[in-house]
Amino acid sequence: MRKIKKLTLGLALSLGLGSGAIVAHAQQGDSHWVSDDLSTFVRSGPTDGYRIVGTLNAGEPVTVLETSGDYTQIRAESGDVVWIQSDKLQTEPSLDERFPELKNKVGALSNELSDINESWEARVAAMTETLSVRQARIAELEQRNAQLDSQFTQTQQAVRELQARLSTQEQDLLMRYFMYGGGVAGAGLVIGLLVPHLPKRRKRDRWF
C-alpha cells in the first residue's frame with residue numbers, strides 16, 4: 001500500500017512538474033469553436049494523462065486561454081475552464097451557426113439567378129419577337145418580289161404582243177404603200193400610153 005501511494009504521489013508530482021515545464025503560448029480572448037464532430041472529450045490538464053472531466057458539443061463556442069503542446073485551455077459557455085485537443089478547435093463558426101448565413105447567401109444567389117433568368121428570358125423573348133418581325137418582313141418582301149416578278153412577266157408578255165402587233169402593222173403598212181405605189185405607177189403607165197392616142201382638139205379661128 002505504501003509503495004502504491006508513493007508511486008501515485010510520484011506520478012502526480014511528475015505530471016505537475018511536466019505540465020509546469022511545458023511552454024504555454026497564451027491566446028487569451030480568441031474566439032474558437034468546437035469542431036463539427038458529434039462530441040469532444042475535455043480534460044483537466046494538457047496531456048492525455050489527465051482525467052476526462054466532460055464533453056463539449058460540436059459547434060459550441062469557446063474562448064481560448066492558452067495552448068500547451070497538443071492541447072488548448074479554453075473557457076466554455078458554462079464558465080468551466082478545461083483542456084481540449086487543439087485539432088478539435090476551428091477558427092470559424094460551426095455549421096449550425098453558419099447555416100442561417102449560408103441560407104441567406106443561397107437565397108440571395110437564388111434571387112440573383114432568378115433575376116438573371118428573367119432577364120435572359122426577356123432578352124430571348126425580345127430576340128424571338130425581333131426574329132418573328134424579321135421573318136414576317138422577309139415573307140412580305142418575298143411575296144412582294146413574287147408579285148413584281150409576275151407583273152414583270154406579264155409586262156414582258158404584253159410587250160412581246162405589242163411588238164408582234166407593231167411588226168404586223170408595219171408589214172401591212174408597207175404592203176399598202178407598195179400596193180398604192182404600184183397602183184399609182186400602173187395608172188401613170190396607162191395614162192402615158194393612152195394620152196398619145198387621144199384626138200387633138202382643133203384650134204378656133206380668131207377674128208381679131
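Tutor: Before anything else, pLDDT is the predictor's confidence in each residue, on a scale from 0 to 100. This is a predicted model, in which local features need pLDDT of at least 70 and side-chain atom pairs count only at pLDDT 80 or more, while totals for chains, interfaces and linings use all residues. Residues are numbered from 1 along each chain as its sequence is written, and side-chain values use heavy atoms, with hydrogens and water left out.

Student: OK, what is the mean pLDDT of the protein chain?

Tutor: The mean is 75, and 73% of the residues in the protein chain reach 70 or more. Over residues 1-26, pLDDT stays under 50, and for that stretch the model has 14 contacts beyond four places in sequence, where contact means heavy atoms within 4.5 Å.

Student: And which secondary structure does the chain have?

Tutor: There are two helices and seven strands, and along the sequence they follow the pattern α-β-β-β-β-β-β-β-α. Helices (H or I, at least four residues) and strands (E, at least two) are DSSP runs, numbered from the N terminus.

Student: Which residues make up the largest nonpolar core?

Tutor: That core has nine residues in all, namely Val 42, Leu 56, Val 62, Val 64, Ile 74, Ala 76, Val 82, Ile 84 and Leu 89. Strand S4 (61-68) and strand S6 (81-85) each supply at least two residues of this core. A nonpolar core here is a set of buried Ala, Val, Leu, Ile, Met, Phe, Trp, Tyr and Cys residues joined through side-chain atoms within 4.5 Å. Buried means under 20% relative accessible area, exposed over 50%, and partly exposed in between, with a 1.4 Å probe and protein chains only.

Student: What does Ala 76 contact, leaving aside its neighbours within four places?

Tutor: Ala 76 is in contact with Leu 56, Glu 60 and Val 62.

Student: Switching topic, how many salt bridges does a search of the whole structure find?

Tutor: The search finds one, and it joins Arg 137 to Glu 140, with the closest N and O atoms 3.5 Å apart. A salt bridge is a side-chain nitrogen of Lys or Arg within 4 Å of a carboxyl oxygen of Asp or Glu.

Student: How are Arg 137 and Glu 140 placed in helix H2?

Tutor: They are three residues apart in helix H2, so about one helical turn separates them. Arg 137 is partly exposed at 44% relative accessibility, and Glu 140 is partly exposed at 45%.

Student: Where is Pro 93, and is it buried or partly exposed?

Tutor: Pro 93 lies in the loop between strand S7 (89-90) and H2, and it is partly exposed, with a relative accessible area of 26%. Pro 93 and Gly 59 are 34 residues apart in sequence, yet their C-alpha atoms are 7.0 Å apart in space.
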